Amino acid sequence: MKKLLYAIVFGMFISLLAACGSSDDAESNKAKNPDNNSKEGSSNQAIDRLSIGFVPSREPDEIITATEPLKNLLKEELATLGYDINEVEITVGTNYEAVGEGLSAGTIDVGLIPGGTYVLYDDGAEVILTSTRAGLSIDSEDAKDWNDNKPTEASEEQVTYYRALMIAGPSEKGQALAEKVNNGEELTFEDVNSASWAVMSSSSPAGYIYPAIWLKDNFSKTITDLEKVVQIDSYGSAFARLAAEQIDVMVTYADARRDNADAWEADFEREASIWDETNVIGVTPGIYNDTISVSKNSEFMDEDFKKAIQTAFINIAETDAGKEVISIYNHEGYQEATSSDYDNERKAQEIVQSLN
């Protein structure tokens, strides 16, 4: 009887030691591999509303329509990453600054904004991704090359920068400037100052900042030195005015004519093509691509959620449906970005502010 009792007690002691060992091993494995246990058994974090802000580089209605599928795409991706989003709200700012101010105030959680806008509002916004896009068949700093080799086509090369172009329209003055460039003659400041110009808001890289640098580099002048300048709310509106010969020159991203070629004849009622009636008279250095930035003042924008937003947009851009959505901005993919990537944009802003 005593032998039997000893055997039972000894067996219980061995089982207890084994259980302790298994528990220790589990804790050790958990410490080594925390990601394996981080979400097991836990429900997704619920977020009532995620606000996405777009800048008006295209017509606002066009952007709203094109990006509608992004709402469900983001919900589905973020759900797999631990976040249940009740509503994704998409808005288009009245101008570039409106989106930057929304990010700073925390009323917009995520903004698709140019680098120039980001650096103006980086006290309240943090860049997390930069876009990649297809390059163009022409990538020259010589305006004549763009005219000799038009129409501009897309290339298969992915690039992280783009250029701004000064485009002369079909007006008498616009044609005179183009003829001089195509004859290999250098423009003077008197030439460009005699034309009427359309520019975007002062935080737009292609629509203001880099054209201002082009004027400084070539003529030691800036946009504020031009006598006839109007500020336009979108590139589409600028092309409409160029076609109506209300302005002689507009500034835009390269090559925005590809996005407006159909509208040039169908909506703006020009008889000849946009390639026949417009010419490049100036080209800027490369501009670092658009950002996806998040608000530093959003109530739920912690490090985990930033990482989830990064992963979601990268994954979305790899799908056919996602590629269609982000093509509205000529984006084809995304890669992780840091603030220092946009140091050149900060230098550009300093130059513009000193010129003003």
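Q: How many of the residues of the protein chain count as buried?
A: Buried means under 20% relative accessible area, exposed over 50%, and partly exposed in between, with a 1.4 Å probe and protein chains only. Here 49% of the 356 residues of the protein chain count as buried. This is a predicted model, in which local features need pLDDT of at least 70 and side-chain atom pairs count only at pLDDT 80 or more, while totals for chains, interfaces and linings use all residues. Residues are numbered from 1 along each chain as its sequence is written, and side-chain values use heavy atoms, with hydrogens and water left out.

Q: How many helices and strands are there in the protein chain?
A: Both are DSSP runs, numbered from the N terminus: helices are H or I with at least four residues, strands are E with at least two. The protein chain has 15 helices and 14 strands.

Q: What share of the contacts with a separation of 6 or more comes from residues 24 or more positions apart?
A: Contact means heavy atoms within 4.5 Å. Among contacts in the protein chain with a separation of 6 or more, 76% join residues 24 or more positions apart.

Q: Which residues touch the most other members of the largest nonpolar core?
A: A nonpolar core is a set of buried Ala, Val, Leu, Ile, Met, Phe, Trp, Tyr and Cys residues joined through side-chain atoms within 4.5 Å. The largest one here has 100 residues, and Leu78 and Phe305 touch the most other members. Helix 9 gives the most to this core, nine residues. Beyond neighbours within four places in sequence, Phe305 contacts Ile47, Leu50, Leu78, Tyr83, Ile85 and Phe300.

Q: How much space lies in the largest pocket?
A: Rolling a probe the size of a water molecule over the atoms shows where empty space is left. On a 1 Å grid over the protein atoms alone, a cavity is a set of points where a 1.4 Å probe fits but cannot get out; a pocket is an open set with protein on both sides within 12 Å along at least five of seven lines; lining residues have an atom within 4 Å of a point. Grid points are joined across faces, edges and corners, and a volume is the space filled by probe spheres set on the points. The largest pocket holds about 410 Å³. It has 18 lining residues, and Glu141, Ala143, Trp214, Asn218 and Ile281 are the closest to its centre.

Q: Which elements each supply at least two residues of that lining?
A: They are helix 6 (143–148), helix 9 (205–219) and strand 11 (279–283). Helix 9 has the largest share, four residues. For classes, Ala, Val, Leu, Ile, Met, Phe, Trp, Tyr, Cys and Pro count as nonpolar, Asp, Glu, Lys and Arg as charged, and the others, Gly among them, as polar. This lining has eight nonpolar, four polar and six charged residues.

Q: What lines the second largest pocket?
A: Its lining has 24 residues, and the closest to its centre are Arg133, Ala134, Gly135, Leu136 and Ala254. The volume is about 340 Å³. Strand 4 (125–136) and helix 11 (257–266) are among the elements that each supply at least two lining residues.

Q: How many cavities of 30 Å³ or more does a search of the whole structure find?
A: There are two. Ser57, Arg133, Tyr235, Tyr253 and Asp290 are the closest to its centre, out of 16 lining residues.

Q: Is Arg133 buried or exposed?
A: Arg133 counts as buried because its relative accessibility is 7%. Arg133 sits in strand 4. Its contacts beyond four places in sequence include Glu157, Tyr162, Asp290 and Asn330.

Q: Where is Asn330, and what is its phi?
A: Asn330 is in the loop between helix 14 (320–326) and strand 14 (333–336). Its phi is positive, about 65°, although Asn330 is not a glycine. Asn330 counts as partly exposed, at 23% relative accessibility.

Q: Which peptide bonds are cis?
A: One of them runs from Lys150 to Pro151, with omega near 5°. Pro151 lies in the loop between helix 6 and strand 5. A cis bond also joins Ala254 and Asp255, with omega about -15°. Asp255 is in the loop between strand 10 (249–253) and helix 11.
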